[in-house]
Amino acid sequence: MDVQRAMEEAAGLAMPHHTHPNPRVGAVVLDSGGRVVGRGAHEGPGLAHAEVVALTDAADAALGATLVVTLEPCDHHGRTPPCTEAILAAGIGKVVVGVLDPDQRVSGRGVGRLRREGVDVVVGTAPDVAEGVDPGYFVHRRTGRPRVTLKLAMTLDGQAAAADGSSQWITSPEARADAHRLRASSDALLVGAGTVLADDPRLTVRFEGYAGPQPRPVVVLGATPVPAAAKVFASDPIVYAPAPQDLPVEATILVGSDGVDLGGVLDDLGKREVVDLMVEGGPRIAGSLLRAGLVDRLVLYLGAALAGGKGRPGVEGLFNRMGDELRLEIESITRIGPDVRIDASFEEVR
């Protein structure tokens, strides 16, 4: 197996695991003939890192072998010992690193330690593959904020709800199940007060066979009170408000020019080690985040239906003239049941 294929296999090993606030990492050990003799992935905070799992799997075959790992090995003590020590103890002859770790505690230190000890280290092999394993981690470590995914569901003519506020169901069961899988990949789910009032959501992952962690609910309140009996308050939410309110949980007060300071919300969530944030709020909070340039990624579900009239759009705001629109890079278009899912990014066009 060549290094490129080994890096892709390492990435595939890492992808299924929810490891935040740690990064997803995969590793493969190759012998001198290019045969895979060890595989490993980091499966969660406090558990062995991918390099250690792969080296343990390789056992004595690791001596003089090549370690292919998606992310730079750590050289500091956290919940587990440094991976560099395990690599050196195993007698690995060469390490191929997908990309340097953006975490300042790690960046360059792991590679530097290995090189000082005489290990041949190659950096930057398939960086797109390596960063694609956990893009939220890179956004979080580089900006201090979570990567923000805005999820919208609407009809083909852009309506997210009927004029009376009803929206169940614009999309098919297949699309809704896919949205729950998207929830499962997130650390937190954010909604506004309007969604709490209209839908009283639980904000949990619900699909057959799911046994992973539940994302933390995040609620952004406005001036309109929400009922203390709302289901979301039973799930230990993080709550933000522009002023003190009588709630069953404590709210963080963040005052912005038009309600809650949404940039401040992202800063605070980043400090709480939320790496991937999914926004499922209504049109108002979607519009506010988009206008403020705070959305990294859009996932849009288009139901196979026409509203045929004026209801409630997916994004609130005034489109006065050409030039006001927000341009995206469409990354994929997928058929899900009778509906369509569009994945798009703002990162490349800002």
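Let's start with Thr 70, which sits in strand S3, residues 66–71; strands here are DSSP runs of E with at least two residues, helices are runs of H or I with at least four, and both are numbered from the N terminus. Is Thr 70 buried or exposed? Thr 70 is buried, at a relative accessible area of 1%. By buried I mean under 20% relative accessible area, by exposed over 50%, and by partly exposed anything in between, with a 1.4 Å probe and protein chains only. Leaving aside residues up to four places away in sequence, Thr 70 touches Met 7, Ala 10, Ala 11, Arg 24, Val 25, Gly 26, Gly 98, Val 99, Ala 130 and Val 133, where contact means heavy atoms within 4.5 Å.

A quick word on the model, friends: it is predicted, so local features need pLDDT of at least 70 and side-chain atom pairs count only at pLDDT 80 or more, while totals for chains, interfaces and linings use all residues. Residues are numbered from 1 along each chain as its sequence is written, and side-chain values use heavy atoms, with hydrogens and water left out.

Now to the sheet around S3. It is an open sheet of 5 strands, in the order S2-S1-S3-S4-S5, with mixed pairing; two strands pair if DSSP finds at least two bridges between them. At the edges are S2 (36–41) and S5, each pairing on one side only. On average, and ignoring direction, neighbouring strands of this sheet are turned by 15° against each other. For the angles, axes are lines fitted to C-alpha atoms, for helices over the stretch in contact, and values run from 0 to 180 degrees between N-to-C directions.

S1 (residues 26–30) pairs with S2 in the antiparallel sense, over 5 bridges. Helix H1, residues 3–14, lies across S1, S2, S3 and S4, and runs at about 140° to S1.

Please look at helix H4 next, residues 109–116. Which of its residues are buried? They are Gly 110, Val 111, Gly 112 and Leu 114. The buried residues of H4 pack against helix H3 (83–90), strand S4 (94–99) and strand S5 (120–123). Just after H4, Gly 118 takes a positive phi of about 90°.

On to the other sheet. This one is open too, with 9 strands in the order S11-S10-S9-S8-S14-S6-S15-S18-S17 and mixed pairing. Its edge strands are S11 (251–253) and S17 (329–336), each pairing on one side only. Neighbouring strands are turned by 20° against each other on average, direction ignored. Helix H9, residues 262–271, packs on the sheet, touching S6 (147–154), S8 (188–192), S9 (216–220), S10 (238–241) and S14 (276–279), and its direction makes about 155° with that of S10.

At the S17 end, 7 bridges join S17 to S18 (residues 339–345), and the two run antiparallel. Ile 330 has Ala 344 in S18 as its bridge partner. S17 and S18 form a hairpin with 2 residues between them, and Gly 337 in the turn has a positive phi of about 55°.

Last topic: charges. How many salt bridges does a search of the whole structure find? The count is 16, a salt bridge being a side-chain nitrogen of Lys or Arg within 4 Å of a carboxyl oxygen of Asp or Glu. One of them joins Arg 142 and Glu 131, at 3.1 Å from N to O. Arg 142 is in helix H6 (residues 135–143) and Glu 131 in helix H5 (residues 127–132), so this pair ties together parts 11 residues apart in sequence. Arg 142 is exposed at 52% relative accessibility, whereas Glu 131 is partly exposed at 25%.

Back in the 9-strand sheet, Arg 297 and Asp 343 form a salt bridge, with the closest N and O atoms 3.4 Å apart. Arg 297 lies in S15 (residues 297–302) and Asp 343 in S18, so the pair ties together parts 46 residues apart in sequence. Asp 343 also forms a salt bridge with Arg 341, here with the closest N and O atoms 2.7 Å apart. Arg 297 and Asp 343 are both buried, and Arg 341 is buried as well. Together with Asp 178 and Arg 181, these residues are linked in a network of salt bridges.
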